[in-house]
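Here's a quick walk through one model, with a look at its packing and one of its sheets. Have the structure open as you read.

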Amino acid sequence: KELHWAWWVAWIAGGFAVLVTAISLLASRRNSARERMAQFVESSYAGMKLESAASYKKGVPQKVTLKVPGTLPDHDSLWRSEVEKRMAARMGALKVRSKWNPKKGRVVLTAADASKPTARDRQEDALQRIERVFRPLFRGTELSVKVPEWQPTIEDERPSPNKIVLNYGVILNDGSEMWQRKIEVTAGLKLGGRWRGKFDPINDRAELEPRPELPDMVRHPGVSIYENIDIENNPRPILYYGINEDSKPIGWRIGQKTNMPHSLCVGATGGGKTNFLRNVIYGAVAQGIAVFGCDPKEFELSPFIGFPGVYIASDPEDMAAMLDDMLQLMYDRNRQIKEDPTAAKRMRPVLLILDELLILRMRLKKLWKTPYLDESGNTKKRTGNPEWLDNITMLLALARSSMINVVIGVQRPDATLFEDGARDNMQHRVAMMRLSPQGSQMVWD
């Protein structure tokens, strides 16, 4: 029995000695590898030190933490990329995943097998690309890019961020709307889609989120959209014509003291301009607002002929008479307001729609040049410009206080269509298409 226990003790002691020896050799080997890695880091980048090394593979650390002094350009994406490549080669890896922290002066590098990228690898690559995209816009200051949310991705495709957080150093242009739009446009150009930014210049921070995709068509909700409005006691009614990207109704506010008394709608044939005009008419009728419309093409507004409270003119003589009546109504209302300033509060808005202004002008000019019979039966000819075109200019300039709201539809808002800068009086503007640079300048300045 004593001999048996002696053998067991010997075996255990021998095994323990072997284990201690193996651990010592492994520790010595790792210490040697760590020392070589530290020498490589310090010799390659002045002032940079190896803080820790772990996850050894074949005697080489696969995860290292480096202390980066402020003298090195750790905010520069190109410099970072060069460091990552050299460290990957030293680790015997095809690439590394990196996590830079310029505020603490630290970076964590982890070896990764590029031949079989994981979802995390792809997200790390996408994050580094996002940082390289925004880096030129923050030149001269530090930038930290985080993606707290990713969109669901298909295997082997580049991940798409669902939210981007930018933390940066103090700069002077982050309060500029133009700079903010530049950030959004850059995100759309390089990452795809449309982006909306929430900017916080006080805390040097910006958050970017994808804008929702707009639907191809939204059916009009009918009169229900106006059912909770007190029509009789609403001095500033809204005429809804669509939804925004957050699915909230958007419209044009008219009535008392509006700063956008007249509207300009730009759209090519088939672009949706008529739908916009019909939505505006429907909203006016639903709220008891009288609508007068000139339809020179004779079919765009024809569905509203005979509609209660809607009066549509298509013949040149009728359209000319309507413009005369609108001008007279403006004068009458302005006179009433002058005599009694409180009269404006008792007046209801009136909507005047002039569709296809170019064709309307051509038909009125042709009518103006046509000889006519006066009250005595004598043939007369008119000279100069049609007075009805002057009526339009007068209405755009003076009809705000009398609450006559003019809507003009055009394919191109050329200055030649508007006398004496009348286009500037139409502050509410809608474009039914992506405009050319010239058209954009005309509509949006």
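Skipping its neighbours within four places in sequence, Ile392 is in contact (heavy atoms within 4.5 Å) with Leu323, Leu354, Leu357, Leu360 and Ile408. This is a predicted model, so to speak of local features takes pLDDT of at least 70 and side-chain atom pairs count only at pLDDT 80 or more, while totals for chains, interfaces and linings use all residues. Residues are numbered from 1 along each chain as its sequence is written, and side-chain values use heavy atoms, with hydrogens and water left out.

Ile392 is also among the residues with the most contacts inside the largest nonpolar core, along with Leu352, Leu354, Ile408 and Phe418. That core has 36 residues; a nonpolar core here is a set of buried Ala, Val, Leu, Ile, Met, Phe, Trp, Tyr and Cys residues joined through side-chain atoms within 4.5 Å, and buried means under 20% relative accessible area (exposed is over 50%, partly exposed in between; 1.4 Å probe, protein chains only). Elements giving two or more residues to this core include β14 (350–354), α7, α8 and β17 (404–410), but α6 gives the most, with seven. Helices (H or I, at least four residues) and strands (E, at least two) are DSSP runs, numbered from the N terminus. Apart from this core lies another, of 25 residues, including Val68 and Trp79.

Now for the helix pair. α7 (residues 357–369) and α8 (residues 387–398) pack at about 140°, axes 9 Å apart; axes are lines fitted to C-alpha atoms, for helices over the stretch in contact, and angles run from 0 to 180 degrees between N-to-C directions. That makes α7 oblique to α8, since angles under 35 degrees count as roughly parallel, over 145 as roughly antiparallel, 65 to 115 as roughly perpendicular and the rest as oblique. Among the α7 residues in the contact are Leu357 and Leu360, and α8 brings Ile392.

Over to the sheet: four strands form an open, antiparallel one in the order β5-β6-β8-β7, where pairing takes at least two DSSP bridges between two strands. Two of the pairings look like this:

| Strands | Bridges | Facing residues |
|---|---|---|
| β5 and β6 | six bridges | Glu149 and Lys163 |
| β7 and β8 | six bridges | Asp200 and Arg205 |

β7 and β8 form a hairpin with four residues between them, and Asp204 in the turn has a positive phi of about 55°. Helix α4 (residues 177–191) lies across β6, β7 and β8, at about 140° to β7.
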